[in-house]
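Q: I would like to learn how to read the packing features of a protein model. Please take them one at a time.

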Amino acid sequence: MEEPLIPVVPMSHTAHIRSHRKPRPRSSSALAMRAGVAGGVLSTLAVAGAAGSANAAEPVTQTIELPTLTADMTAQVAESAEVTQQAAADYQLRAERDAAAAKAAKQAKADLADAKKKAEAKQKAEDARKAAAERATRSSARTTLTSTSADSDVPAPASGSVGTVINFLKAQLGDAYVMGATGPNAWDCSSLVQAAFKQVGVDLPRVSQDQSVAGTPVSLSNIQVGDILYWGGAGSAYHTGVYIGNGQYLDAANPSKGVVIQDLSGYPASGAVRVL
């Protein structure tokens, strides 16, 4: 039996010729590796996607919370600035007050010094006026003493004792008053009285309290020249002088006056005693 003829078809040189290579069977390990690689890639993509989603979400979260944080920080900064400004204002106010106080103290010191100078000048003028008045008083007193010694109403003392006392007292006019002094140029009230009566041999106590009870008490309406006048209570007198007639007495008055003649009407005595 004859074999059938197989027609031959001419082919282009560009015609596709199937490969006669048999496909190689793929091993299970290769498939597993490829599956693993594919899974890893997918996992990486999933993680990357999740991370991308997370990263995409974070700006949203930050965008929401940042204004709150920024507002808090702004408030804190503003509060801090306000506190700083207030502290600066307080410091400035304190500095201004200190400066004003210093200025006031300086002015007060200057005013005090000026007032002191004026007071000193006024005191000097007053002292000069008093000195002039006292000189005039002493001059008048000398004239009065001279005329008094010739008055008929002045009883003549025995052996001229009262006249001696008065003449001694008159000689001390203008002397200074110094507490505790006993002459010859400075006296206190009782030392002058004691020294005057010592001229006629009468020893009187040193202090005014004892002199006020040294002799015979007499009423002020019956006093005579030479009687001792006292101020204060008998036995507790704080001042003494001697009556010289015509409503006047001579005493060591005080530090500003010294030894002077004064009117009883201006400074009435409390009582009197007679020792001559």
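Q: Which residues do ring pairs link into a cluster?

A: Rings of Phe, Tyr and Trp (its six-membered ring) pair if their centres lie within 6.5 Å; planes under 30 degrees apart count as stacked, over 60 as edge-to-face and the rest as tilted. Here W231, Y249 and Y267 are linked into a cluster by ring pairs. The model is predicted, so local features need pLDDT of at least 70, side-chain atom pairs count only at pLDDT 80 or more, and totals for chains, interfaces and linings use all residues. Residues are numbered from 1 along each chain as its sequence is written, and side-chain values use heavy atoms, with hydrogens and water left out.

Q: How many aromatic pairs does the structure hold?

A: The structure holds three aromatic pairs. One of them, F168 with W187, is edge-to-face, with 6.1 Å centre to centre and 80 degrees between the planes. F168 lies in helix α2 and W187 in strand β2 (residues 186–187), so this pair ties together parts that are 19 residues apart in sequence. Helices (H or I, at least four residues) and strands (E, at least two) are DSSP runs, numbered from the N terminus. Both F168 and W187 are buried, where buried means under 20% relative accessible area, exposed over 50% and partly exposed in between (1.4 Å probe, protein chains only). Another pair, W231 with Y267, is stacked: 5.3 Å centre to centre and 15 degrees between the planes. W231 lies in strand β4 (residues 228–231) and Y267 in the loop between β7 (259–263) and β8 (271–274), so that pair ties together parts 36 residues apart in sequence.

Q: Is W231 buried or exposed?

A: W231 is buried, with a relative accessible area of 1%.

Q: At what angle do the axes of α2 and α3 cross?

A: Two packed helices are described by the angle between their axes and the distance between the axes. Axes are lines fitted to C-alpha atoms, for helices over the stretch in contact, and angles run from 0 to 180 degrees between N-to-C directions. For helix α2 (residues 161–171) and helix α3 (residues 189–198), the axes come within 8 Å and cross at roughly 135 degrees. Angles under 35 degrees count as roughly parallel, over 145 as roughly antiparallel, 65 to 115 as roughly perpendicular and the rest as oblique. The helices α2 and α3 are therefore oblique to each other.

Q: Which residues of α2 and α3 meet?

A: Contact means heavy atoms within 4.5 Å. From α2, the residues V165, F168 and L169 meet L192, A195, A196 and F197 of α3. The residues of this contact divide into seven nonpolar, no polar and no charged; Ala, Val, Leu, Ile, Met, Phe, Trp, Tyr, Cys and Pro count as nonpolar, Asp, Glu, Lys and Arg as charged, and the others, Gly among them, as polar.

Q: Why is α3 described as largely enclosed by the rest of the structure?

A: Eight of the ten residues of α3 are buried, so the helix is largely enclosed by the rest of the structure. Among the buried residues are C189, S190, S191 and V193.

Q: Where is L250 placed, and which residues does L250 touch?

A: L250 sits in strand β6 (residues 248–252) and is buried, with a relative accessible area of 1%. Not counting residues up to four places away in sequence, L250 touches L169, K170, L173, L192, G241, V242, I244, V259, V260 and I261. From L250 to L173 the separation is 77 residues in sequence and 8.5 Å in space, C-alpha to C-alpha.

Q: Which peptide bond is cis, and what is phi of N246?

A: The peptide bond from G183 to P184 is cis, with omega near 0 degrees. P184 is found in the loop between β1 (176–177) and β2. Phi of N246 is near 55 degrees, a positive value in a residue other than glycine. N246 lies in the loop between β5 (239–245) and β6, and is partly exposed, with a relative accessible area of 45%.

Q: How many helices and strands does the protein chain have?

A: The protein chain has four helices and eight strands. Along the sequence they follow the pattern α-α-β-β-α-α-β-β-β-β-β-β. Of the 276 residues in the protein chain, buried residues make up 24%.
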